[in-house]
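This report walks through one protein chain.

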Amino acid sequence: MVEYMAQEEDWDRDLLLDPAWEKQQRKTFTAWCNSHLRKTGTQIENIDEDFRDGLKLMLLLEVISGERLPKPERGKMRVHKINNVNKALDFIASKGVKLVSIGAEEIVDGNAKMTLGMIWTIILRFAIQDISVEETSAKEGLLLWCQRKTAPYKNVNVQNFHISWKDGLAFNALIHRHRPELIDYEQLRKDDPVTNLNNAFEVAEKYLDIPKMLDAEDIVGTLRPDEKAIMTYVSCFYHAFSGAQKAETAANRICKVLAVNQENEHLMEDYEKLASDLLQWIERTIPWLESRSAQRTLQELQQQLEELRLYRRVHKPPRVQEKVQLEINFNTLQTKLRLSNRPAFMPSEGRMVADISAGWQRLEQAEKGYEEWLLNEIRRLERLDHLAEKFRQKASIHEGWTEGKESLLQQKDFEAASLSDIKALIRKHEAFESDLAAHQDRVEQIAAIAQELNELEYYDSPSVNARCQKICDQWDVLGSLTHSRREALEHTEKQLESIDELHLEYAKRAAPFNNWMESAMEDLQDMFIVHTIEEIQGLIAAHDQFKSTLPEADKEREAILGIQREAQRIGEQHGIKGAGSNPYTSVTPHIIGSKWERVQALVPKRDEALQEEQSKQESNERLRLQFASQANTVGPWIHTKMEEIGRISIELHGTLEDQLQQLQLYEQSIMDYRPNLELLEQQHQRIQEALVFDNRHTNYSMEHLRVGWQQLLTTSARTINELQNQILTRDAKGISQEQLQEFRASFNHFDKDHGGSLGPEEFKACLISLGYDVENDRQRQGSRDTDDIPMGCSLGDAEFQRIMSLVDPNGSGSVTFQAFLDFMSRETTDTDTADQVIASFRVLAGDKNYITAAELLRELPREQAEYCISRMAPYGGSDAGPGALDYTSFSTALYGESDL
């Protein structure tokens, strides 16, 4: 106990620094203390303050321990309070509790951490330590009790005293297990923890007299609820249900005793019934095993032996199992009776285990004697039946082997056979002679068995003797026929050997010649795809080489056909059937002749196809050269013009109108070159129609040239458009020719790659070159108005970003010359403002705050007047006259300062 308490009292005070845990402990420990203090008619409100004088602390210890503590001191001084607290701590220590780092001064000073630690020590000692469940105590015992009580409930798995209780189902399960009428557990939902917790807390407080020590919101809102608070509250449930636990234990003990007694009675009844059935079966079986009725046939005896085997395989094994189970049940029953202090079981008379063993021994002896008698009778009848069956079996095998053999030996199949067939027939006949010699032993065995059956006076000896004589006569006939057939086969073999040599020679020469002709036909009919003159010339040279080999091939063909004619002459001279068929090859003279004719017909067709393809490739080569000549001229011309446009746009001098005229003349010179592109397109069309896809004479493709031409036209048009926009900007903004030249010179200077645009840093440098002081001065950007920046002013980062948003509104990271020119024109020229337009309208209106439609039509061109009338809102001032229009809001909307 001391070791356990020392372990539990070494609580982690650092966890009290967690406000959520400290809040839970304060509420739980206060409620626990009040659940005991209310028995004396008092309670505490603040656990830090109400225990400082030690009076209520000593009262709490007296209530929960049932013992009297020393009389407290009633003084209000600090020393009196310390003495009272010390008396309480001494009492706690006397109960075997080791207090660690908890002193009376800290309690008197209201140290919250030490006070909560002291209360937890008291709860451990007086509420949790004495809990015992199956040899486990304190915290482990309480946890095991919770696990046992909540095990049947779904969604409840108590593994600890913190997160296992967050959803509230475990609290409800404890109450439902002991007081099911208080909780409708099936209606609870795991995803509604606050409702579950409040339901358990309210039921426990109302019906179980367990005060509410926890807040549902605190438990759900904390990642890991305070373990000490949960243990304190759960221990109240344990003590509340401890009476029910004792009743349950007593009921379990009675049920256990009755169950043992009932089981023993069932075992006794089962033994009596099983013993009676087994003894009756033994008495019925022994007379059958002792019967000895003689049988005259082997089949009848074998049937009786099969019945004995069926008895051993089917009927006896279950009874053996019953006997073994009967003995096991008897021993088990006696052991259970002895262990439960019951008297030993005494079976009925004649049903003892010894009686059953004696009856079983008589059964075994009867079974053994019956089996020995059956086997001896079977052996007696088997000997004669075995000899007769052996004779019939050997005779049947021999007769089956000889069946058809006389017909085979007498046939003339060798007269129309080839040499290979003759040799095969000779080898087959040699194998038959070997088989015939091997069967000599079987004939002798058949005769010996027949002789033995005669000596033993077998009842069917006459039929055995007749069958044996027939076998011996047939054997002599087979020997004579075998000798005659061998002589005929050897004579025919010599006649066919000479013809076979000619056939073999024909086959050796005909096969490769046939393969040569098939390869030649395949090559002559082979499709070819070529793309160059060189490829077709190579095919023509190979075909010429093939034609030079044809005379030698014709000589070989005549020699092969001569061999076949010689073999046919010898066969006709000696009257040998089948001399014209060649077993070594399927290539007949007819096949050789037809294939040779086919080769002769294919050669001129191949000549014609090759010549046609050669003409086609020569035409394609001319098309390639024509296109390459034109492309090699146009391609470099386009590249040169692209470079010239970039250079001309930078090097142009004179007024903008002069520069525009020069660019337009240059553009016209480019357009005059278009017929060369059109000629190239026509040549490309002819190449495509001829299915020519490559051209080694040029690196330019038609697609490449089209793209280059379009880029050239686009670049020229864009350059002219930029110059036209510059003229418009100059005329609209009143910029002088000198300013434009200065802007262009500065822009071109910083456009290092001549790409027609500036990056952010290049743009900043260009501004500086024109008089802007662009520096990273963040201190000045917030204190000055940057709407209008005069030349020479200083720009900060924010101001430069504003300028970039004007010249590069899309955020592309580059500034074109036109955007640069627009910005510079705004910075260097006067512009109209909303106030100036309002002042002009006031002049037209005769100094009134509004204007009428008639005045607008009188003073402005009709188109502009109708534009203003359709967009001006009615004037709403107090001085408004009939048809008054608001020119002030209209003017501000023109400059984006309001909405039309």
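## Basis

This is a predicted model: local features need pLDDT of at least 70, side-chain atom pairs count only at pLDDT 80 or more, and totals for chains, interfaces and linings use all residues. Residues are numbered from 1 along each chain as its sequence is written, and side-chain values use heavy atoms, with hydrogens and water left out.

## The whole chain

The chain has 33 helices and eight strands. These are DSSP runs, numbered from the N terminus: helices are H or I with at least four residues, strands are E with at least two. Of its 900 residues, 41% are buried. Buried means under 20% relative accessible area, exposed means over 50%, and partly exposed lies in between (1.4 Å probe, protein chains only).

Take the contacts with a separation of 6 or more: 70% of them join residues 24 or more positions apart. Contact means heavy atoms within 4.5 Å.

## Helices 17 and 18

Helix 17 spans residues 440–455 and helix 18 spans residues 461–525. Their axes come within 10 Å and cross at roughly 160°. Axes are lines fitted to C-alpha atoms, for helices over the stretch in contact, and angles run from 0 to 180 degrees between N-to-C directions. Helix 17 is therefore roughly antiparallel to helix 18.

The crossing of helix 17 and helix 18 is left-handed. That means the near helix is turned anticlockwise from the far one by less than a right angle; clockwise would be right-handed. Helix 17 contributes residues including Val-443, Ile-446 and Ala-450 to the contact. Among those from helix 18 are Val-464, Cys-468 and Trp-475. By class, the contact has nine nonpolar, four polar and no charged residues. Ala, Val, Leu, Ile, Met, Phe, Trp, Tyr, Cys and Pro count as nonpolar, Asp, Glu, Lys and Arg as charged, and the others, Gly among them, as polar.

## Helices 3 and 6

The axes of helix 3 (residues 55–65) and helix 6 (residues 112–128) come within 11 Å. They cross at roughly 15°, so helix 3 and helix 6 are roughly parallel. This crossing is right-handed.

Leu-57, Leu-61, Ile-64 and Ser-65 of helix 3 meet Met-118, Ile-122 and Phe-126 of helix 6. The contact has six nonpolar, one polar and no charged residues.

## Two residues with positive phi

Most residues other than glycine have a negative phi. Asn-155 has a positive phi of about 65°. It sits in the loop between helix 7 and helix 8 and is partly exposed, at 46%. Asp-847 also has a positive phi, near 65°. Asp-847 lies in the loop between helix 30 and helix 31 and is exposed, at 57%.

Ala-880 is in the loop between strand 7 and strand 8. Ala-880 is partly exposed, at 34% relative accessibility. Lys-848 is 32 residues away in sequence but 9.3 Å away in space, C-alpha to C-alpha. Beyond its neighbours within four places in sequence, Ala-880 contacts Tyr-850 and Tyr-875.

Asp-554 belongs to helix 20 (residues 550–574). Asp-554 is partly exposed, at 28%. Its C-alpha atom is 8.5 Å from that of Trp-596, 42 residues apart along the chain.

Note on methods. Parallel < 35°, antiparallel > 145°, perpendicular 65-115°, else oblique.
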